[in-house]
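Work through the following exercises with the sequence and the coordinates open beside you. Each task sentence is followed by a solution that goes step by step.

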Amino acid sequence: MAPPVPNLPKTSSPSQPSGKSEVADLKLQLRQLAGSIAPGADDSRRELFKKVISFMTVGIDVSAAFSEMVMCSATSDVVLKKMCYLYVCNYARSNPDLALLTINFLQKDCRDDDPMIRGLALRSLCSLRVANLVEYLVSPLTSGLRDSSPYVRMVAAIGVLKLYHISPSTCLDSDFLAMLKALMLNDPDAQVVANCLSSLQEIWSLEAGNLETVSREREALLSKQVVYYLLNRIKEFNEWAQCLILELASKYIPSDSNEIFDIMNLLEDRLQHANSAVVLATIKVFLYLTMSMTDVHQQVYERIKAPLLTLVSSGSPEQSYAVLSHLHLLVMRAPILFSSDYKHFYCQYSEPAYVQKLKLEMLTAIANESNTYEIVTELCEYVANVDISISRESIRAVGKIALQQYDVNAIVDRLLQFLEMEKDYVTAETLVLVKDLLRKYPQWSHDCIAVVGNISSKNVQEPKGKAALIWMLGEYSNDMLDAPYILESLLENWNEEQAPEVRLHLLTAAMKCFFKRPPEAQKALGVALAAGLADSHQDVHDRALFYYRLLQYDVSVAERVVNPPKQAVSVFTDAPSSDIKDHIFDEFNTLSVLYQKPAYMFTDKEHRGPFEFAEELGSLSLGTGSVENVIPAQIYEASDNDLLLSTSEKEESRGLGNNDSVYSAPGYDTSLISLEDKQVQPESNFLSLAAPTMASHTSSVLDDLLGLGTPIIPPPPTLKLNPKAVLDPSNFQRKWGQLTTSLTEEFSINPQGVVALKVPQALHRHMQGHSIQCIASGGQPPSLKFFFFAQKEGETSPFFLVECLINTSSAKAQINIKTEDPTLSQPFSTLFQSALLLLSPS
Amino acid sequence: MLQCIFLLSDSGEVMLEKQMTGHRVDRSICGWFWDYVISQGGDSTKILPVIASPTHYIFQIFREGITFLACTQVEMPPLMGIEFLCRVADVLTGYLGGLNEDLIKDNFIIVYELLDEMMDNGFPLTTVPNILREMIAPPNIVSKVLSVVTGKSSNVSNILPDATASPVPWRKSDLKSSSNEVYVDLIEELDAILSREGVLVKCEVYGEVHVNSHLPGFPDLTLSFANPSILNDVRFHPCVRFRPWEGEQILSFVPPDGEFKLASYRVKKLKNIPIYVKPQLTSSSGHCRVNVLVGIRNDPGKVIENIRVQFQLPSCVESVDVSSNHGTVNVLADKTCFWSIGRIPKDKSPSLSGNLVLELGLDRLPVFPVFRVGFKIVGVALSGLQINKLEIKNMPARLYKGFRAITKAGEYEVRS
């Protein structure tokens, strides 16, 4: 599988082969050299190898030379060997038959006298990742784990993990896990211990749901004995392994406060480590350990402050960014803590914008009575910044500080000064802020309106700023002498006004103005309503019509609706809730912090877990005959574009439900979601529990209104399904071919369910919640087709395979069930139906 | 866990691909990334270090025209990804004697070898340069010549990093050294922001203690400062023992061989800055008069060298006509002005003056440039930090110790 390089500029290297002839030429040369022991043969081989690998690197398929490369690999030259290993690992998976050729020499190298070669060979052997070669892995791995050289043991420890990803059963059946555990607890070499730990953690976390013993082992990893053993040795480990151990320690639950202090004493010097990843991992341990001890927790904040600030100012911009994101999180929890260090967050001219933006957020967050003056003065400096986006952000920051302070006197003056700078974007941003300020502090209206009144509306072009200005014109038309006339002149340009937002505001402002100064504004209102009614934008049109009819009905009612006395806004709702902040804090030192969103908000559709499964799905093609319009799950070509769609785009298209014809690689999604489930189980459970109760209540009310009956949902039967059932596509296909249909049923589905079916993924996810996995789906509305499978609870229990045909126009479904145990097909059918009936648009 | 590392040239071409785990990351991700870079304006230095692509999280850092890109699909500490890529960049720079497209392409085998030892199955192994050097010899002229002459040498040494045999992982147990010498360098960077009125808005020193040690056996070094209390936050190389620092503020350590960063620190609340820059910009009717004065503010006691002033004029400036009474002035096409002064002469204070013509319709300059200042002072650590003494145990009598200090301008900005 040579990676295609679409959209990428080709290399300009003159030696790039234009066709197959160069590869053929290389093959020939390699073959000539294969057996040669002449002096200098190794050098020529090296040159050739280098050429082959450089082709490989630029993305040219040189897999044709596989057998020649293997022939040449019998050499004592280590560099040649390394190049050969690299080549073999790259192409083995696409040429499994040829990969067999390499087994021999790799196995031989695994017994070499030189530990370096033993290690390298073992690493390459495990990296071949060809499923039918796993039998050759077991014995080299076993001896590798017992090798006298730590280098080989360290490679073998990771090799076990690689083996697990190729074939979990082979890995679990051999005694590897026990060996790894023994090594982890006894090996004198720290790197070996670290690799064992990392392998075990990954394998156990993937296996945890399947075996009771594994869960217990996993818990044992967090026992006092193991955690203390690792922490006591922590200085022997290299920095990356330290991160691993610290991560483990952050999950450890100490039994009493003495333990907490012991651990913190032990780790205190880690805060001064040169590696920022170690520092952050240590901070996480400190914060989590002291969660229940408020006083100590505060002291921890004091203690970690200096290291964090140093990381911000000393690292590369990329590191600063990551650290600042974490600081931002901490500041939200303890703003007082950093209030005297505000100067650290002053922006430097040469910093990238992403760092400056975070710093602005920090300055906003830590502003309080004692430092507001300095901070706002500094922010005002940035308003004149060359970078317009930073300038805008700075104005917004000043505004935010104003909104969160009690003493806004000075800030209002500053904001008004911005208006005098006569820069379009500054004026626009400032107007938006002044509007928000007035909503919160109406008492400032006199000062503000005096200045705002002087702004020529011609200088404001940005829709948001314009809308804000118009809002103020309407709201304060009593204070602004010429407000009706300004509105009139704005209305003249109605047709040139692109943004519907502005037109909507014009309508409302004209109304408000009319109620305040009827004689002067009557003309403007007439013009506005006429223009609004003729407007092609639905919202503008509707609002104009609404106002018009409201005025027709009763002018005083209209005034009560459009221009009621206002109460000052005390809190704006767009500030992130503390709930979410707490969630993010629970995920300290993860990517969540960088996105400022907890994981469940962005990993929903992300792809996780052991990856072979997902990839091998590409070879799936389901049966014959009945599947003509089934799109086989996940094929790279089909989904390449889709994969590269931005997530938000995907989101949108799903939300609109208009991707009926373009299924976004359903099998891929679901299979991955099923794997991801293992990690986010608690959340998804929580969601699936919460959703029906709420939804059913509200939706039934709606249904009554709309005349839709809620079907009676049969009580869930007693058959229990394995929530982690795994069946790969080839097995599914085989089983589907072997088994005969044991039950066919037809039934009606919930009308809400039909709505939800506009997005097939919704059904995948929904059924997954009931431990039924979708393996493929397709079809065009109104007829959709899905293939599902499920397994009775238990390791070797029978599988159920379901073909489900849904007709959305008639709201009917037909299911064909095949199973190894036909006696269970009826209970399963009931379960399946009840699950399907619960489907509702989320 | 990083699944894959790509090295991209500054035109977005994939120069190197190293798959780390069983999950193969398709190269098309680089195409996606590059489209993203273009959509963000095409400036690689401005791209977020962590991006969520539809299929993977992408970590990326940009160094000397090369983008180091890594992909993952699982949750991991972000700094682990970023810091690792920074280390890869550092190690490659050290190995190849620089970093650019040609060096990478000429030495891609070495880069592969290095990546192979630095990471297995997506988890970082060792990134310490001197340990890597023991496994993979850097490309140098000597080894090239040798390989031509003998036809046998390889750039892999057969010696393994034998952490078991040595009580300290960063040092081999049986190190022999021909020259018994150790150098300690204090390298400080002064970050400062001055307002247009000349008021110090922010001033801080970031310093590093570099040690270059060529000592045999297991030397045990103790470095003490005359005034350690001024140090604000200190970060250490793993070799530094924490307790002696905590107790007596001394640095006690067994050094790795060669050059390394022993510690880094910050010093806050500095009042003395060596140089002042007084910019004056007065605009009237489409013209702007520029006048910049540079001089010594607090004499550090040593010569200030390499004084440079750099500022970027906004795009609304039509033409620039500036000259100076000392040093040279260069104006680039993008309206960046470089004024290199060198040393300040005894008889006069350097000044730059000239005229800017503004775009038609503009009356006065709408944004004021920030003046960035560079300089170097050899022989002085401006923070005032002083080394008291360096003691060495477990060592033969004859050895050479050297100390140096240097202060450079970091982010030294003057607003106008």
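Helices (H or I, at least four residues) and strands (E, at least two) are DSSP runs, numbered from the N terminus. This is a predicted model, in which local features need pLDDT of at least 70 and side-chain atom pairs count only at pLDDT 80 or more, while totals for chains, interfaces and linings use all residues. Residues are numbered from 1 along each chain as its sequence is written, chains are lettered from A and ligands numbered from 1 in the order in which they are written, and side-chain values use heavy atoms, with hydrogens and water left out.

**Exercise 1. Which elements does the salt bridge between Arg87(B) and Glu239(A) connect?**

Step 1. The closest N and O atoms of Arg87(B) and Glu239(A) are 3.0 Å apart.

Step 2. This pair crosses between chains, from helix α2 (residues 78-96) of chain B, which holds Arg87(B), to helix α14 (residues 239-251) of chain A, which holds Glu239(A).

Step 3. Arg87(B) and Glu239(A) are both buried.

**Exercise 2. Describe the salt bridge between Glu803(A) and Lys785(A).**

Step 1. Here the closest N and O atoms are 3.5 Å apart.

Step 2. The pair links distant parts of the chain, with Glu803(A) in strand β4 (residues 799-807) of chain A and Lys785(A) in strand β3 (residues 783-791) of chain A, 18 residues apart.

Step 3. Glu803(A) and Lys785(A) are both buried, and the structure holds 48 salt bridges over all chains.

**Exercise 3. How many cavities of 30 Å³ or more are there, and which residues lie nearest the centre of the largest cavity?**

Step 1. On a 1 Å grid over the protein atoms alone, a cavity is a set of points where a 1.4 Å probe fits but cannot get out, and lining residues have an atom within 4 Å of a point; by this rule there are 11 cavities of 30 Å³ or more.

Step 2. The largest cavity has about 570 Å³ of space, a volume being the space filled by probe spheres set on the points, which are joined across faces, edges and corners.

Step 3. Its lining comprises 35 residues, of which Leu86(A), Cys89(A), Asn90(A), Lys18(B) and Gln19(B) lie nearest the centre, and the largest share of this lining, 7 residues, comes from α4(A).

**Exercise 4. What surrounds the second largest cavity?**

Step 1. About 230 Å³ of space lies in this cavity, and among its 16 lining residues Glu381(A), Tyr382(A), Asn385(A), Val370(B) and Arg415(B) lie nearest the centre.

Step 2. The elements that give two or more residues to this lining are α20 (372-383) of chain A and β23 (400-415) of chain B.

Notes:
On a 1 Å grid over the protein atoms alone, a cavity is a set of points where a 1.4 Å probe fits but cannot get out, and a pocket is an open set with protein on both sides within 12 Å along at least five of seven lines; lining residues have an atom within 4 Å of a point. A salt bridge is a side-chain nitrogen of Lys or Arg within 4 Å of a carboxyl oxygen of Asp or Glu. Buried means under 20% relative accessible area, exposed over 50%, partly exposed in between (1.4 Å probe, protein chains only).
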